[in-house]
Amino acid sequence: AQLDGAEVEMRQSLDTFVGRFGDWARGFHASGSVSYLNRKGANGGDLGANRAWTGAANLRYAKRKFSSRVGYRLNGLQILNAAQGSNGFTGKSVREAQHLIDLSFEYKLTRWATFFAQGTNVTNGMRVDEQRWKEKPSWANLGTSHNLGRTYALGVTGSF
């Protein structure tokens, strides 16, 4: 078996693009990454289940005492079983792509204490599993879905 892949990452200050709108616009940063994995070979399934595509994008704004971030995460299609058999037919079991949005906010109270608020999966993305068969129309695929749940946190961090 063989596992091939690639990853690309970028980070960029947006000050040169939006800074001309005034000092308030300085402090924007964009970052992102995308990765691709491809299993090859007769026993490629022995390498475990992986998502061919994953990615993330973030837009961050930071000033002296304040910062906030909105982030997007992509967990691409995942093949759970590439050769699922039933009634003489062969199909596949997959986990659909997930699109997740995260938010965060920080405010520096003192040199050593920072208030933070964050939300993970604020759009309540679902985990959807599906069995696909060439012999059936897509609307007839057997599927299940699980709520991943939203997570929120408030707190104060410190360094001493």
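**Strands, salt bridges and a nonpolar patch**

Val128 has Ser145 as its bridge partner in β10. Strand β10 (residues 142-147) runs antiparallel to β9, and 6 bridges join the two. Strands here, like helices, are DSSP runs numbered from the N terminus (E, at least two residues, for strands; H or I, at least four, for helices), and two strands pair if DSSP finds at least two bridges between them. The model is a predicted one, so to speak of local features takes pLDDT of at least 70, and side-chain atom pairs count only at pLDDT 80 or more, while totals for chains, interfaces and linings use all residues. Residues are numbered from 1 along each chain as its sequence is written, and side-chain values use heavy atoms, with hydrogens and water left out.

Strand β9 (residues 126-132) also pairs with β6 (residues 89-95), again in the antiparallel sense, over 4 bridges. Glu130 is buried at 16% relative accessible area, whereas Arg132, at 24%, is partly exposed (buried is under 20%, exposed over 50%, partly exposed in between, with a 1.4 Å probe and protein chains only). Glu96 joins Glu130 and Arg132 in a network of salt bridges.

The count of salt bridges comes to 6. Among them is the one between Arg73 and Asp102, with closest N and O atoms 2.8 Å apart. This pair links distant parts of the chain, Arg73 sitting in strand β4 (residues 66-75) and Asp102 in strand β7 (residues 98-108), 29 residues apart. Arg73 is partly exposed at 29%, but Asp102 is buried at 8%. Arg11 and Glu9 also meet through their side chains (2.8 Å, N to O), and both are exposed.

Over in strand β2 (residues 28-40) lies Ser35, which is buried at 18% relative accessibility. Leaving out residues up to four places away in sequence, Ser35 touches Ala6, Glu7, Ala52, Trp53 and Thr54, contact meaning heavy atoms within 4.5 Å. Tyr36, also found in β2, is partly exposed at 31%. Together with Val8, Val34 and Trp53, Tyr36 makes a nonpolar surface patch of about 370 Å². Patches are made of residues with over 30% relative accessible area and no salt bridge, like charges being joined within 9 Å and nonpolar side chains (Val, Leu, Ile, Met, Phe, Trp, Tyr) within 5 Å.

How values were computed: Accessible areas come from the Shrake-Rupley method with a 1.4 Å probe; for residues, only the protein chains shown count as cover. A salt bridge is a side-chain nitrogen of Lys or Arg within 4 Å of a carboxyl oxygen of Asp or Glu.
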